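Open the model in a viewer and keep the selection tool ready.

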Number of protein chains: 2
Amino acid sequence: MISIRNMLRRSLVLASLLLPTMLVAACGGSSSGSENGPLQLADMGSFHVGGRDVTISGQPTRDLALSPGGITVRIDPNGTFSVEQAYVQYFVPASRRSILPILFMHGGGMTGVEYETTPDGREGWLNYFLRRGWPVYNVDAVERGRAGWSQTFEGAPIFLAKNEPFERFRIGNGAGSYTKRELMPGSQFPIDAYDKFVRQFVPRWTTTDDAALAAYIAAIDRICPCAVIAHGQGGQLAFRAAEARADKIRALVAVEPAGVGETASIEKIKGVPVLALYGDFIDQDPRWPMIKGSGLRYFDEVRAAGGFVTVIDLPQIGITGNSHVMMMDRNNADIAAAINRWLAERGLWR
Amino acid sequence: MISIRNMLRRSLVLASLLLPTMLVAACGGSSSGSENGPLQLADMGSFHVGGRDVTISGQPTRDLALSPGGITVRIDPNGTFSVEQAYVQYFVPASRRSILPILFMHGGGMTGVEYETTPDGREGWLNYFLRRGWPVYNVDAVERGRAGWSQTFEGAPIFLAKNEPFERFRIGNGAGSYTKRELMPGSQFPIDAYDKFVRQFVPRWTTTDDAALAAYIAAIDRICPCAVIAHGQGGQLAFRAAEARADKIRALVAVEPAGVGETASIEKIKGVPVLALYGDFIDQDPRWPMIKGSGLRYFDEVRAAGGFVTVIDLPQIGITGNSHVMMMDRNNADIAAAINRWLAERGLWR
């Protein structure tokens, strides 16, 4: 084995002298491996960012065994705690085609997992953009996933029952549709994997947006300039982050944003190109026409102030059947391709 | 550009006909890229596994705006919820050198993040083993990180104050050492990154071991046969998992396990080769001599029953200065190398 390895090493020296262009082509060419084959990464890793120290005092201690039968430890709820950080996992392709990285912001009750493998096992948007030569930074916001959560949050968190995403994300046909498993006609959601999908939801507070924003800004200060892809609740946080860091967000892709920026702050972000995407079945839904309507009004204001906003109604470009979680719908690659085209038109990918 | 690309493609056809061994060597040879250069992955993704449905009833509803200024939604705490699943992220190298994958189990209050990038930005054990041709499956156990947590857990969770890992993980020299930042002499912990390290802790319950074990077993049933690398609290869960799935765990590496298996169940797991690792400064600590002592007694019992157990006291093989979180200590690669050698001796890597 060793002599064969040495032979290979000698071949490598020869090859790297004689055939550099061949090797570039063979090892991945213009992107991070092929669009289906192996992925070639220059780097991958993770870090936490942002947060603050908080000191708690005056609470009683308690004695607990940390494992059944284990040694008792005195638990002191007092002290100085590190709270309200975000978690970022990143993947850098060996061969880049983008000018900047993408920073992913997830939706409400979710984590960065929403951009990973789809519930039915297909590749998600993280892999899609990585394969096309984008460095990708996937965030778990404050309180979610690997960011952890804190005893300092106000109020109780929300837990989503299994029927709620079905009925509120336009997978099913409105209230009561989960019981009957009644899908929107032509739904692209991978319904056979619905039970797997709901496992990715995590508890959500409604009082932590400011903390989430602060940690997102800390992440942006570390990662960007970048393009942001944000979903649902993350959309509103992305607009607020862009108001604070317009110089660092070179493009904002808002996937059915739950909220948008403030009219009073439009001057701050009118230089940030915006792509807003909306899926199917919005007119039939009790909530989504209002959410989309306030988005469209805001985008008109941004345009009137001289900003650049593209709104894509997916059904209008022939992409139909999409739920609020379009990044995991069956046609998720078609939507990612539309986003990538728009980013390329902005000069951020070639 | 296009004609150059076409030229490269033609070169590639030529190269793949003439120089297959050169290309194998140049693109990664016998492992997943070099040990320092690009990483080549056949696949990467994630999934949730395990868990159960639970139905809650009789609780009052509340109305909440999910985002500031957003539309009010009626929050119903009743319904059927998906609870107690685990999260698994996996990376499969393009070129394998191992017979089986590695499944990582994290320690108490931590998540799979402990095996990723170290707090001071070096590569962790996940990358280490991936680069050496092991498929790696990194779990967030029930209640931690991207696994989410559930309103069904009993009792209140524990939040670790910043001083606690310092004083309990043998980074500092015992109680009160954090205030003075008094390190163990010769400590290998990357102390300048301590504030980054504590951001990775998440709330921990003391009542969820059975749920965590059930989801680990579901993960094992999906992923294994495999080798398990488990840390601290995860060590005890790994021994319990091995008692349930001795046929699927072909090697168990227990890094300072907080607990071990049951004497009554030794017959079940005596066929599973075990490597237990212990770091430095244990004699000076008020808790660790007892934890290690009960581990060593158990390992003697396993050996007496005909099992194969290797215990490595790191200082005895010249690896000194290690804390309880040795996977992120400065010499983490030396310890990973010792683990890999042991796995190779078991015939699981070459």
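Start by selecting A:Arg170, which lies in the loop of chain A between α4 (163-168) and α5 (177-180). The model is a predicted one, and every value on this tour is computed from it. Phi of A:Arg170 is near 60 degrees, a positive value in a residue other than glycine. Is A:Arg170 buried or exposed? With 29 other C-beta atoms within 10 Å, A:Arg170 is buried, because 20 or more is the cut-off for that class.

Next, select B:Glu256, in the loop between β8 (249-255) and α9 (266-269) of chain B. This non-glycine residue also has a positive phi, near 45 degrees. B:Glu256 has 26 C-beta neighbours inside 10 Å and so counts as buried. As background to both stops, most residues other than glycine have a negative phi, and most peptide bonds are trans.

The peptide bonds come next. Select A:Cys224 and A:Pro225: the bond that joins them is cis, with omega about 20 degrees. A:Pro225 is in the loop between α7 and β7 (226-231) of chain A. In chain B, go to B:Cys224 and B:Pro225, which are likewise joined by a cis peptide bond, with omega about 25 degrees. The place of B:Pro225 is the loop between α7 and β7 (226-231) of chain B.

Now show all of chain A. Its secondary structure consists of eleven helices and ten strands. Of its 350 residues, 56% are buried. Taking contacts in chain A between residues at least 6 apart in sequence, 72% join residues at least 24 apart.

Within chain A, select helix α7 (residues 209-223) and helix α8 (residues 233-244). They pack at an angle of about 55 degrees, and their axes are 10 Å apart. The two helices, α7(A) and α8(A), are therefore oblique to each other. Their crossing is right-handed. From α7(A), the contact uses A:Asp209, A:Ala212, A:Leu213, A:Tyr216, A:Ile217 and A:Ile220; from α8(A), A:Leu237, A:Arg240, A:Ala241 and A:Ala244. By class, the residues of this contact are eight nonpolar, no polar and two charged.

Move to the pair in chain B: helix α7 (residues 209-223) and helix α8 (residues 233-244). At what angle do they pack? The angle is about 55 degrees, with the axes 10 Å apart. The arrangement of α7(B) and α8(B) is therefore oblique, and α7(B) passes α8(B) in a right-handed crossing. Residues to display on α7(B) include B:Leu213, B:Tyr216 and B:Ile220, and on α8(B) they include B:Leu237 and B:Arg240. This contact divides into eight nonpolar residues, no polar ones and two charged ones.

Select B:Leu103: among the residues it touches beyond four places in sequence are B:Tyr137, B:Val139, B:Ala219, B:Ile220 and B:Cys224.

The last stop is B:Ala86, in strand β4 (residues 79-93) of chain B. It is buried, with 30 other C-beta atoms within 10 Å. Its contacts beyond four places in sequence include B:His48, B:Val139, B:Asp140, B:Ala215, B:Tyr216 and B:Ala219. To finish, find B:Phe197, which is 111 residues from B:Ala86 along the chain; their C-alpha atoms are separated by 23 Å.

Note on methods
Residues are numbered from 1 along each chain as its sequence is written. Chains are lettered from A and ligands numbered from 1 in the order in which they are written. This is a predicted model: local features need pLDDT of at least 70, side-chain atom pairs count only at pLDDT 80 or more; totals for chains, interfaces and linings use all residues. Axes are lines fitted to C-alpha atoms, for helices over the stretch in contact, and angles run from 0 to 180 degrees between N-to-C directions. Helices (H or I, at least four residues) and strands (E, at least two) are DSSP runs, numbered from the N terminus. Angles under 35 degrees count as roughly parallel, over 145 as roughly antiparallel, 65 to 115 as roughly perpendicular and the rest as oblique. A crossing is left-handed if the near helix is turned anticlockwise from the far one by less than a right angle, and right-handed if clockwise. Two residues are in contact if their C-beta atoms, placed from the backbone, lie within 7 Å. Ala, Val, Leu, Ile, Met, Phe, Trp, Tyr, Cys and Pro count as nonpolar, Asp, Glu, Lys and Arg as charged, and the others, Gly among them, as polar. A residue is buried if 20 or more other C-beta atoms lie within 10 Å of its own, exposed if 12 or fewer, and partly exposed in between; C-beta atoms are placed from the backbone.
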